[in-house]
Amino acid sequence: MKIECIELHYIDLPLVHPFETSFGREFTRPCILVAVRADGLTGWGECTAEVGPWYSSETIETAWHILRDFLIPVVLDLEVASPADVVARFQRVRGHPMARAGLENGVWDLLAQAQGVSLASLLGGRRDRVEVGVSIGIEPTLEALLAWVDQYVAEGYGRVKLKIKPGWDVEVVRAVRERWPDLPLQVDANSAYTLADAPVFQELDQFDLLLIEQPLHYDDIVDHAKLQAQLRTPLCLDESIHSPEHARWALDIGACRVINIKVGRVGGLTAARQIHDLCASQGVPVWCGGMLETNVGRAANVALATLANFALPGDISASARYYREDIAEPNFVLDDGSTLSVPSGPGLGVRVVPERLAAACLRHLVRSAGGAEE
Ligand code: SMG
Ligand code: MG
């Protein structure tokens, strides 16, 4: 099919509850939704770049620029039979994985719809339910955090991730562990520590955590390898893994024993699946990370997590945990066994609601083979 039109929608949605990590607190979640049109169908992709370069160096404005000036022009009017056709066109672009992923994933959805299959089955996934957990941000007090853990456990979440930072780590984990001795628990530092903090992680070793996510520098693998050698708990890399090559390098030097795969951070579903396959071949478990996606990005995450080596629960919580009213429907709801059901309809299996999109849209760009319109 020939790509006839591509649209960018810069949207902003208020979060149900502010989300705080070691790098800051967010009240709303702006992002770019990419619509790819051909043969009367529309594929959707979510670009997970944020307003500021805090989690990653990309921002909504850099992604908008890269999409508009470099990625859309090489895909518009292109005859695509497989996502590989788009990936090949993006080869020249270095970096900017979230921008690339937004558009590539829209093409995956489009092709799955055209073939009448779910995105999960186009990716090669076999599951009809995926196991999920919940990621809880840093809270103003320990009591507030414990109340959130209580609530999420009561809702049925079977795995909890706590955000940590210096001053909000060992005692917080101890308190949660004392209250829920058997709860599958993991922590994420978002690069807030250095190798000099190794004693903190040695203390965390006693709490039977599933993993410790990205404790050190956001691009590091060398220090992580040194830290992993001192710990029983598996380290998991998030920020440091930008591509299948980064995954291979990290595994080669023993920088981690688990990888968090985020479709945006690694540059799209094709690369995400390659990292999954690489890890599977080495017996390294992976899980699907989250970026507070709308139902568009969430549906892509759910589809990805149907692949066999997604062996740990993902940060893919139910829609209601994020937004009062999502941009797309139906919502994902938490089912028994801390799972989400995998949509079986064509493509992503969610429908963007035009009125909601219009209400949330801050900026819009349309590019078609026939001409341009901002
Ligand atoms: O989508 O439930 C979610 C959030 C999961 O904690 C989460 N993501 O580093 O893994 C991570 C953070 C990054 C969030 S910054 C928007
Ligand atoms: Mg993380």
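Which ring does the charged end of arginine 321 sit over? The ring belongs to tyrosine 322, and its centre is 5.2 Å away from that charged end. For this label, NZ of Lys or CZ of Arg has to be within 6 Å of the ring centre and within 35 degrees of the ring normal. There's another case: the charged end of arginine 159 sits over the ring of tryptophan 287, 5.3 Å from its centre.

Okay, some housekeeping before we go on. This is a predicted model, where local features need pLDDT of at least 70, side-chain atom pairs count only at pLDDT 80 or more, and totals for chains, interfaces and linings use all residues. Residues are numbered from 1 along each chain as its sequence is written, chains are lettered from A and ligands numbered from 1 in the order in which they are written, and side-chain values use heavy atoms, with hydrogens and water left out.

Let's go to the metal. The magnesium ion, ligand 2, has Asp188 (OD), Glu213 (OE) and Asp238 (OD) as its protein donors, at 2.1 to 2.2 Å. Donors here are N, O and S atoms within 2.8 Å of the metal (3.2 Å for Na, K and Ca), and since water is not among the atoms, sites may look incomplete. Along the sequence, the donor residues follow the spacing D-x24-E-x24-D. Aspartate 188 sits in strand E7 (residues 185–188) and glutamate 213 in strand E8 (residues 212–213), so this pair links distant parts of the chain, 25 residues apart. Strands are DSSP runs of E, at least two residues, and helices are runs of H or I, at least four, numbered from the N terminus. Both aspartate 188 and glutamate 213 are buried. Buried means under 20% relative accessible area, exposed is over 50%, and partly exposed is in between, using a 1.4 Å probe and protein chains only.

Now, aromatics. How many aromatic pairs are there? The count is six, where rings of Phe, Tyr and Trp (its six-membered ring) pair if their centres lie within 6.5 Å; planes under 30 degrees apart are stacked, over 60 edge-to-face, and the rest tilted. Tyrosine 152 and tyrosine 157 make an edge-to-face pair, 5.7 Å centre to centre with 80° between the planes. Tyrosine 152 is buried at 5% relative accessible area, and tyrosine 157 is buried too, at 3%. For tyrosine 193 and phenylalanine 201, the ring centres are 4.9 Å apart and the planes are at 80°, so that pair is edge-to-face. Tyrosine 193 is buried at 4%, and phenylalanine 201 at 0%. Oh, and Trp148, Tyr152 and Tyr157 form one aromatic cluster.

On to helices. The axes of H2 (residues 83–90) and H3 (residues 97–115) come within 9 Å and cross at roughly 160°. That makes H2 roughly antiparallel to H3. For H5 (residues 142–155) and H6 (residues 170–179), the axes come within 11 Å and cross at roughly 40°, so these two are oblique to each other. The axes are lines fitted to C-alpha atoms, for helices over the stretch in contact, with angles from 0 to 180 degrees between N-to-C directions. Under 35 degrees is roughly parallel, over 145 roughly antiparallel, 65 to 115 roughly perpendicular, and the rest oblique.

Last stop, helix H11 (residues 295–304). Ten of its ten residues are buried, so H11 is largely enclosed by the rest of the structure. Among them are Asn295, Arg298 and Leu304.
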